[in-house]
Amino acid sequence: MSKEVELDCLGEACPVPLIKAEKALEGMDVGDVLICQIDHSCAMKNVPEWAREQGHNVEVEEVDDGEWEVIIEKVK
Amino acid sequence: MGDEQQTAQSEGGIKRSSRTRTRKKKKNQIPLGIIALLFVVAVGIILAMTVGGNVALFWMLGSSFGFILQRSRFCFTASMRDPYLTGSTSLTKAVLIAFAVTTVGFAAIKYGAFIKGLPIPGQSYVVPISLATAVGSFMFGIGMVIAGGCASGTLMRVGEGFGMQMLSLFFFIVGSLLGAAHFGWWKLNFIVRGPKVFLPDVFGWVGAVVLQLLIIALLWIAADKWAKRKSSSSDH
Amino acid sequence: MKIFDKIKTDPYYKVWLKDAWPYVTGAILLSVFQIVSLASAGTPWGVSGTLADWGAWLYQLVGGSVDKWYYFASDAAQAKLAAGPLKDPGTFRNLGLIAGALFAALIASGFKFKKIKTWRQVAAAVLGGLLMGYGARIAFGCNIGALFSGIASMSLSGWVYAVFLFLGAIVGSKLLVKYFM
């Protein structure tokens, strides 16, 4: 059963959400899912962009006004 | 308090156990947005009628820049920081494109004035190059990355509600005042000996534009290659 | 009201006002308005010069005076300070930036006030702000006035600024990861 990891990046300044997501993903297995909670408008764009470039499956869900969940499924 | 564990799928298909933490019901801020727009327009009109057209123009330009910056999540800080920190150069390339487009537009306006014998607009932005330039921009580079935003980025984030950038703005102002207080010292010891170099004076108008666009193109290619190298080297 | 919910699902609203624009779109539009600025206002975009003026006005508010400072010695600077912020174009350009960004966030239903989370963030904001403010003054500007407008104006100073800005960003990144995360 693949693991689900939640990463709270609320209130973090750019580029901290991306760096945290990178580190978290490194320690995860293929098939695991990382869910980043983000409220930074730059991060809700650059985290998915980076993750897609790395080849992972990414989705972004708007959770509230100015709050998003970036869902990354580790592919490789 | 709604901590239900159920397997769900997010809209695109990644399977996750949707722990429906108490999701606040999303407010619709569009009405507030419309009020904000009316406010911006109203201020512009009032300024034009009271202080003058020039101030109203600056208000319009500023609002436009702020809107564009936020809509595109444009960030000069990231353009300089990400190549090193994350290996990404998408903003670097975008900034280079901005340099190229403005080079063409600015050259056109300046040349048009030049050949008519009129004063060339914007020449006050051609400033002396000295140690102060190097030290100042180096300091700015450090500061903008630490503070999570450059000058335009800080103002943009104040508008987005970031408490951290409101604090940063205050100290930006304080730092500016300190810099202004010391400016005389820098001027006397370094700036006064620094040359102002307007590239068309050195290479001619056509030469300067072509050279600058060429350099921008080469930098764009370098940025493009850098990102490809970085993403392939992190294959595990 | 139902009409606002209907707007939320409209495809044009989504592309123009809701979803983030591509960076290249931003680059081109910023360039357009830079050119508009030079053509109509006779001067390119700048941000940090006005922040120094704000500093002077605040300083005057608490009893200080910049009248003897070399930086503010010119007739133009003296006249600008005397006229005050409410007559200053630069002030309204900067305030407009804030307003434009606020509008963009609200119309996309994406505005949220984000409180400062840690003391590290406070330290970062203070140190970063001071470095930016000081650096911008002695280098004749910030990422907009000295870098963007400088390079657009085909001034070699813009390129020199770019080189050292980039080096500073590398150092800043190392410090950020080590001390401010």
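Predicted model: local features only at pLDDT ≥ 70, side-chain atom pairs only at ≥ 80, totals over all residues.
**Entry 1**

I began with the strands of chain A. Four of them form an open sheet, in the order β1-β2-β4-β3, and the pairing is mixed. I noted β1 and β3 (57-64) of chain A at the edges; each has a single partner strand, so one side of each is left without a neighbour in the sheet. From one strand to the next, the twist averages 20°.

I then took the pairs in turn. Strand β1 (residues 4-8) of chain A runs parallel to β2(A), and five bridges join them. In this pair I found A:Val5 opposite A:Leu34 of β2(A). On to the next pair: β2(A) and strand β4 (residues 67-73) of chain A are antiparallel, with six bridges. There A:Ile35 has A:Ile71 in β4(A) as its bridge partner. The last pair, β3(A) with β4(A), is antiparallel over seven bridges. I looked up A:Val58 and found A:Ile72 of β4(A) opposite.

**Entry 2: the helix on the sheet, and β2(A)**

Helix α1 (residues 16-26) of chain A makes a right-handed β-α-β unit together with β1(A) and β2(A). I checked what α1(A) packs on: the helix lies on the sheet and touches β1, β2 and β4 of chain A. The direction of α1(A) makes about 165° with that of β2(A).

Is strand β2 (residues 33-38) of chain A enclosed or open? I counted five buried residues out of six, so β2(A) is largely enclosed by the rest of the structure.

**Entry 3: chain B**

Chain B has eight helices and two strands. Reading from the N terminus, I get the order β-β-α-α-α-α-α-α-α-α. Of the 236 residues in chain B, 49% are buried. I also looked at contacts within chain B between residues at least 6 apart in sequence; 49% of these join residues at least 24 apart.

**Entry 4: where chain B meets chain C**

How many residues does each chain put into this contact? I find 109 from chain B and 116 from chain C. On the chain B side, the elements giving two or more residues include α1 (30-50), α2 (53-72) and α8 (199-232). The largest share of that side comes from α7(B), with 21 residues. Sorted by class, the chain B side has 73 nonpolar, 31 polar and five charged residues.

α2(B) and helix α6 (residues 89-107) of chain C pack at about 35°, and their axes are 6 Å apart. The crossing of α2(B) with α6(C) is right-handed. Their contact holds 17 nonpolar, ten polar and two charged residues.

**Entry 5: where chain C meets chain A**

Here I find ten residues from chain C and ten residues from chain A. The side of chain C that touches chain A divides into three nonpolar, three polar and four charged residues.

**Entry 6: C:Asp88**

I looked up this residue in the loop between α5 (75-83) and α6 of chain C. Is C:Asp88 buried or exposed? C:Asp88 has 20 other C-beta atoms within 10 Å, and the cut-off for buried is 20 or more, so C:Asp88 counts as buried. Leaving out residues up to four places away in sequence, C:Asp88 touches C:Asp53, C:Lys80 and C:Ala83. I also looked up C:Ile151, 63 residues from C:Asp88 along the chain; their C-alpha atoms are separated by 25 Å.

Notes
Residues numbered from 1 in each chain as written. Chains lettered and ligands numbered in written order. Contact = placed C-beta atoms within 7 Å. Helix = DSSP H or I, 4+ residues; strand = E, 2+ residues; numbered from the N terminus. Nonpolar A, V, L, I, M, F, W, Y, C, P; charged D, E, K, R; others polar. Buried ≥ 20, exposed ≤ 12 C-beta atoms within 10 Å, placed from the backbone. Pairing = 2+ DSSP bridges. Right-handed = clockwise from strand over helix to strand, strands pointing away. Axes fitted to C-alpha atoms, helices over the stretch in contact; angles between N-to-C directions. Left-handed = near helix turned anticlockwise from the far one by under 90°.
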